[in-house]
Each structure stands twice: as C-alpha cells, then as structure tokens.
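The structure comes first, then the notes.

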Amino acid sequence: MKAVFLDFGTMGAGLDLRGLESLVSELVIHDDSPDDTVADRIADAEIVFTNKIRLTRTLLELAPKLKFIALTATGTDNIDTNCAKEHGIGVANIRHYCTQSVVEHVFGVLLSLTHSLGRYHQSVRAGNWQRSADFCMLHYPVKELSAMTLGIVGYGALGQGVARIAREFGMKVLVSARPGAETVPDDRIGFDQLLAEADVISLHCPLNDDTRNLFGAREFEAMKPTAILINTARGALVDSQALADALANGAIAAAAVDVLPKEPPADGDPLLDYDGDNLIITPHIAWATDEARQNAIDELAANTRAFLDGVDRNRIV
C-alpha cells in the first residue's frame, strides 16, 4: 500500500519510523502540506498519516483510493468523519501516548509558579543576590504543594495522571462534575464549588460547544485570588482576554498556558501582550517529550497494523 504523511514536521526530529515503514510498500513524507497541495498528495494514497491537516469532504472525495486515515493525535475534529464513513474510509486516533509528558509539564510549571523560580532567577541575573546582606533572599513567596488543593476539570487518562502525582505531593484533589450537569456523582463536586475551593485548577477536558470559553470573567471572579490556572488541553477553553484581565487585576494569582485558541498565534493573542511575571506561556509542548513523540509513532504503527489485519483498534470510523 502507498502511504503519505502530510505533516511529519509537527512530530519533531529524531524519531524511529522503521515500524511504520515496514507496513507499507511506499511511504512519502512531507514535513508540511499547505492547503493547495493536499489534494494532489492524497490522490493516489491508500493510507494517510496526519496530525493537524484538515481533511474535508471535498478533499476526501478527491481521493478514490483512500482506505485509512491514521491520526498522530487524539482529537479528530480536523477530519470529516461523516464523509469518511460514507466512503468506507477507516479513521483511527492515538490515545494515552503522552500522559507522563503532560503530567510532568503540569507539575513543572506549577512548581515554577509556587516556588517563584522565574522571579528568583531574574533577580539573581539582575545582581540582587550579590548585593544581599543575608545568605538568602526571600523576596517572593515559596509555597508547598502539600498545603494546596488541586481541582481537575476533565478526568480522563490525563486528569487521572495529574491527580495521582498531586496526591503523591500531599495535595487534596477535587474533581469537577461535567460543567452544567444537573446531577453530581458522589466522587465529584460541582463546577462552581471547585472554582471556589481549588488553589490550583488544571484543565484536561475536550473542546466542544459546552466547554468553549469555559473559563471567562465570571469564572475567574469566582476563583480564589491566590489561585493558579493551568491549561494544557485546548486554548479555546479559556477566554484569553478575560484571563489577561484576571491576572492583571488580581482576580487570580497566576496561570500557565500551553495552548491558545489559534495555533500558531500568527494574529496575536491578548495573553501574548501580557507582560506580568505571573504568567507562563509555552508553545504547545506539554505532550512533546522525546518519549511521548516516539510513543505516538509507535501507536500510529500499531493502529495501521491493526487496520491491515482487519482488527478494530482505536477506530473512530
């Protein structure tokens, strides 16, 4: 079978593709596929590998040989799955490949904020320690995680992984019920209660019509003024302007965001213009340890092998 990888550049360098290559007779790899190239690149392909390239009905109907779309991501919103089903095109995603990576990122940024690491680093660079009268400087707060309550919104594999490590740090863990839910399961608390009680809120829920702009001005006003928000899920879960305002006016203490509503943020974003030291922004890297990226490729190969063997594995369609 002929296969094409449309946006391998999104996976980064240094990955072992031998497992994937062994499954197909020909694998054509493109680091990126601009919109005007996609139709030609998939026209003769039987298998398409992609991460973020949008495959619309128009494009799928121009690929008569296409039998299988294998995603190097969990999200499937870039694929017209209805069209794929109509045309007998299988679609599979990958799951649980980056849990450790995301969990480590969450606690990396959380420890940086709670221990004021960035502030102290800049202070030393500015020569303040060198001029200090004492052996240490205690200009900024340093807070133990064991004294804090962590609230989790979205309790799949990622949320559960974060909860497990939080408990190892001695944190109290609260899990939100589905926002807007009429009933609250015994092991969850209401979303508004979580806003009021959590010292840290970590987002791990999907983006859909119910969760878009889940965190806006109302939610930030409902949080503790000492609270920290961490978003490694989807940028559009959070109203960027509302978060920038909340950080500036002290409605919450700090935030770390690894995702923005539009990526890359070529047209800007209010959070990119915010210059306070209580915000950490990273370029969608929480998932991207070397190990997690190789896991993704290995999962891609496993899904493809299952498809070729007629086995249902991680199938969406």
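This is a predicted model: local features need pLDDT of at least 70, side-chain atom pairs count only at pLDDT 80 or more; totals for chains, interfaces and linings use all residues.

Residues are numbered from 1 along each chain as its sequence is written, and side-chain values use heavy atoms, with hydrogens and water left out.

**Overall make-up**
- The chain has 12 helices and 11 strands, taken as DSSP runs numbered from the N terminus (helices H or I, at least four residues; strands E, at least two).
- The C-alpha trace spans about 70 × 50 × 35 Å along its principal axes.
- Of contacts (heavy atoms within 4.5 Å) between residues at least 6 apart in sequence, 62% join residues at least 24 apart.

**Nonpolar cores**
- Of the 317 residues, 47% count as buried, meaning under 20% relative accessible area with a 1.4 Å probe, protein chains only.
- A nonpolar core is a set of buried Ala, Val, Leu, Ile, Met, Phe, Trp, Tyr and Cys residues joined through side-chain atoms within 4.5 Å.
- The largest such core has 48 residues, and F49, F107 and M171 have the most contacts inside it.
- Helix 5 (residues 99–114) gives the largest share of this core, 7 residues.
- Apart from this core lies another, of 32 residues, which include A233, A244, A246 and V257.

- The accessible surface is about 15700 Å², 49% of it belonging to carbon and sulfur atoms, by the Shrake-Rupley method with a 1.4 Å probe.

Definitions and conventions: Buried means under 20% relative accessible area, exposed over 50%, partly exposed in between (1.4 Å probe, protein chains only).
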